[in-house]
Every structure is written in structure tokens, then in C-alpha cells.
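The sequence and the structure are shown first.

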Amino acid sequence: MNPQQFETTSRAVALVCEYFHVTTAQLESPSRERDIAWPRQIVMHLIRHHAHITNRHIGRLFSRCHATVIYSLRALNDRVQTNPADARELAHLDSILSNK
């Protein structure tokens, strides 16, 4: 990971932690609780979209395999397709990260 990718990844994690009131440890935990899984899916999306890091590397950041990252990104995409409020939330966070 180059310095720019590292910085973007750090900002994405900090943004999601602050927005959802979760810790980095919770995002990295094996928890499948909705209150943790949704922020984790969002941060994976933000990292993939803004830092252009591979799914394999994102998986390593969150102690998961690349297939889990692929599943998470697809689940997030399905959720925002069917839930306008979640789509707005993701767009809002995406916008904040883009403007930092």
C-alpha cells in the first residue's frame, strides 16, 4: 500500500468510526451484529472505491478473506439498491471522504 492509499484508508476508517460510533477494534472484530457489520461494509466500500486497494488487501485489514470482502461489497450494493435511506447514507459518507 502506498502512502496515499494508507492515508485514504485511515481517513475512511476514522470517518466510519466517528459516524457510527464504533471503534476500529469493533470493525476488525469477527462480530456479525448489524450495528457492526453495516459500518464494516461501508468502510470496505469506501476503501475499495477511494483507495483502489484489492479485495485481498482489504480482507487482510479486517482479518477476513477476499471472498468475504466480495460478499460484503455485494451485500452493501444490494442493500443500497433496495433502501433509499441507506443509499443516501452511503452517498453522504462517500461525499465527505471525497472532499477531505
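## Basis of the description

Contact means heavy atoms within 4.5 Å. The coordinates discussed here belong to a predicted model.

Leu-27 is part of helix α2, which covers residues 24-28. Its relative accessible area is 0%, and because buried means under 20% relative accessible area, Leu-27 is classed as buried. When residues up to four places away in sequence are left aside, Leu-27 touches Val-13, Val-16, Cys-17, Val-22, Ile-36, Pro-39, Arg-40, Val-43, Phe-62 and Arg-64.

One of these contact partners, Cys-17, is ten residues from Leu-27 along the chain, and the two C-alpha atoms are separated by 8.2 Å.

## Thr-9 in helix α1

Thr-9 is located in helix α1. With a relative accessible area of 7%, Thr-9 is buried. The side chain of Thr-9 has a polar atom 2.8 Å from the backbone oxygen of Gln-5.

Leaving aside residues up to four places away in sequence, the residues that Thr-9 touches are Met-1, Ile-47, Ala-51, Ile-53 and Leu-61. Thr-9 and Ile-47 are separated by 38 residues in sequence, yet their C-alpha atoms are 5.6 Å apart in space.

## The largest pocket

The volume of the largest pocket is about 240 Å³. The largest share, four residues, comes from α3.

The lining of the largest pocket consists of Pro-30, Ser-31, Arg-32, Ala-37, Arg-40, Gln-41, Met-44, Arg-64, Thr-68, Tyr-71 and Ser-72. Sorted by class, these residues comprise four nonpolar, four polar and three charged residues. Arg-40 and Arg-64, listed in this lining, also occur among the residues that Leu-27 touches.

## Ser-31 in the pocket lining

Ser-31 is one of the residues lining the largest pocket, and its place is in the loop between α2 and α3. Is Ser-31 buried or exposed? Its relative accessible area is 18%, and since the limit for buried is under 20%, Ser-31 is counted as buried.

Beyond residues up to four places away in sequence, Ser-31 touches Ile-36, Arg-40 and Arg-64. Arg-40 and Arg-64 likewise line the largest pocket. A polar atom of the Ser-31 side chain lies 3.1 Å from the backbone nitrogen of Glu-33.

## The salt bridge

How many salt bridges does the structure hold? There is one salt bridge in the structure. It is formed by Arg-79 and Asp-86, whose closest N and O atoms are 2.5 Å apart. Side chains of opposite charge can pair when their charged atoms come close.

The two partners fall into separate accessibility classes: Arg-79 is partly exposed at 27% relative accessibility, whereas Asp-86 is buried with a relative accessible area of 8%.

Most residues other than glycine have a negative phi.

His-21 lies in the loop between α1 (3-20) and α2, and His-52 lies in the loop between α3 and α4 (55-61). Both are exposed: the relative accessible area is 72% for His-21 and 58% for His-52.

His-66 counts as partly exposed, at 32% relative accessibility.

Not counting residues up to four places away in sequence, His-66 touches Asn-55 and Arg-56. His-66 and Asn-55 are eleven residues apart in sequence, with a C-alpha to C-alpha distance of 5.1 Å.

Terms used
Residues are numbered from 1 along each chain as its sequence is written. This is a predicted model: local features need pLDDT of at least 70, side-chain atom pairs count only at pLDDT 80 or more; totals for chains, interfaces and linings use all residues. Side-chain values use heavy atoms; hydrogens and water are left out. Helices (H or I, at least four residues) and strands (E, at least two) are DSSP runs, numbered from the N terminus. Buried means under 20% relative accessible area, exposed over 50%, partly exposed in between (1.4 Å probe, protein chains only). A salt bridge is a side-chain nitrogen of Lys or Arg within 4 Å of a carboxyl oxygen of Asp or Glu. On a 1 Å grid over the protein atoms alone, a cavity is a set of points where a 1.4 Å probe fits but cannot get out, and a pocket is an open set with protein on both sides within 12 Å along at least five of seven lines; lining residues have an atom within 4 Å of a point. Grid points are joined across faces, edges and corners, and a volume is the space filled by probe spheres set on the points. Ala, Val, Leu, Ile, Met, Phe, Trp, Tyr, Cys and Pro count as nonpolar, Asp, Glu, Lys and Arg as charged, and the others, Gly among them, as polar. A polar contact is a pair of N or O atoms within 3.5 Å; within protein, one must be able to donate a hydrogen and the other to accept it, and residues adjacent in sequence count only if both atoms are side-chain atoms.
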